[in-house]
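Reader: Before I rely on the words used for this model, I would like to hear what stands behind each of them. Could you take me through the terms one at a time?

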Amino acid sequence: MNDLLYNNSNIYLFVAVFMLFCGIAGLVYRRTLIGMLVSMELIMNGAGLNLVAINRFISPENPYGVAFTLIIMGIAAAESAIALSIIIIIAKRYQHIEGGDMKELKY
Amino acid sequence: MSIGESIFLFAVAVTMGGALTAVFASSIVYAMLGLIAAMFGVAGLYIYLNSTFLAMMQILIYVGAISILIAFAIMLLGPYSKKYRDFRAFGKLMAAFATAIVSVLMFGRFILENLQGDARAGFAMTTKDLGRVFTDKLILPFELISLLLVVAIIGAVMLSLNSRGDK
């Protein structure tokens, strides 16, 4: 049973790392705030997949990885709601949503 | 290759292709569709990890709530980006690619050397276990999540109310 492909933890961890670095590349590459938010969701999904894979393969007697992935989902929902309302206000005020041009609070 | 393995490889391919589409698509609507595809792929991987409740919650929360929220934001904002796409970002893209590839190679070697997974049979995360752990050991994070959601709802309402005046 152990030689089946989906009973190997490396593939799950590789997919999680791939999603993490796709998210980081998107945070650097995207210019608009909504694109950055989509990349943030990718990073959180990679973290959740990593937690569940570790929970299933390393310590299958505790359900903490699955529980914390559910908590991550709640945090992601709250974060995206707040971020999208802020983005809409920024779009009303500045008439664009490009992250590089907002530097009033920078100095 | 059995049929389960081929479905598993399909889920992995959907996840990785969705992630690439979400990052490198030129239109933001295609990026959102790539994000939805990646969510569905991750839900399939959760099913292969014996966590079916988590897969259902993934589809319900991410695809049903967050992606619809992003779609409404895109529809409300419209074509608000000043310059659609320019080539100054090309250097950034190359840098991010190089970082990503080097890091994936590094972490892949680390994973291959350190974590030879042993799949112990009998791991099945039921809602009974999850309910027990949420009402027994993790009661404080559970309550804090509900508090966080209430604060987020009130904050979103207050932001939209306060921004109506200075339009």
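Author: Let us begin with Ser85(A), whose place is in helix H3 of chain A, where helices are DSSP runs of H or I with at least four residues, strands are runs of E with at least two, and both are numbered from the N terminus. This is a predicted model, in which local features need pLDDT of at least 70 and side-chain atom pairs count only at pLDDT 80 or more, while totals for chains, interfaces and linings use all residues. Residues are numbered from 1 along each chain as its sequence is written, chains are lettered from A and ligands numbered from 1 in the order in which they are written, and side-chain values use heavy atoms, with hydrogens and water left out.

Reader: What makes Ser85(A) count as buried?

Author: Buried means under 20% relative accessible area, exposed means over 50%, and partly exposed lies in between, with a 1.4 Å probe and protein chains only. Ser85(A) has 13% relative accessibility, so it counts as buried. Leaving aside neighbours within four places in sequence, Ser85(A) is in contact with Ala156(B) and Leu159(B), contact being heavy atoms within 4.5 Å.

Reader: Why is Asn50(B) called partly exposed?

Author: The relative accessible area of Asn50(B) is 31%, so the residue is partly exposed. Asn50(B) is found in the loop between helix H2 (28–48) and H3 of chain B, and its phi is near 65°, a positive value in a residue other than glycine.

Reader: How do you know that the buried residues of H5(B) line one face of the helix?

Author: In H5 (residues 127–136) of chain B, the buried residues are Leu130(B), Val133(B) and Phe134(B). Seen down the axis of H5(B), they fall within an arc of 100°, so they line one face of the helix; the arc is that of the directions from the helix axis to the C-beta atoms. On the other side of H5(B), Lys128(B), Arg132(B), Thr135(B) and Asp136(B) are exposed. The buried residues of H5(B) pack against helix H3 (64–94) of chain A, together with helix H3 (52–77) and helix H6 (139–162) of chain B.

Reader: Why is chain A called more spread out than a compact globule?

Author: Chain A has three helices and zero strands. Its radius of gyration is 18 Å, well over the 13 Å that the globule rule gives for 107 residues, so chain A is more spread out than a compact globule. The radius is taken over C-alpha atoms, and the rule is 2.2 Å times the number of residues to the power 0.38. Along its principal axes, the C-alpha trace of chain A spans about 60 × 25 × 25 Å.
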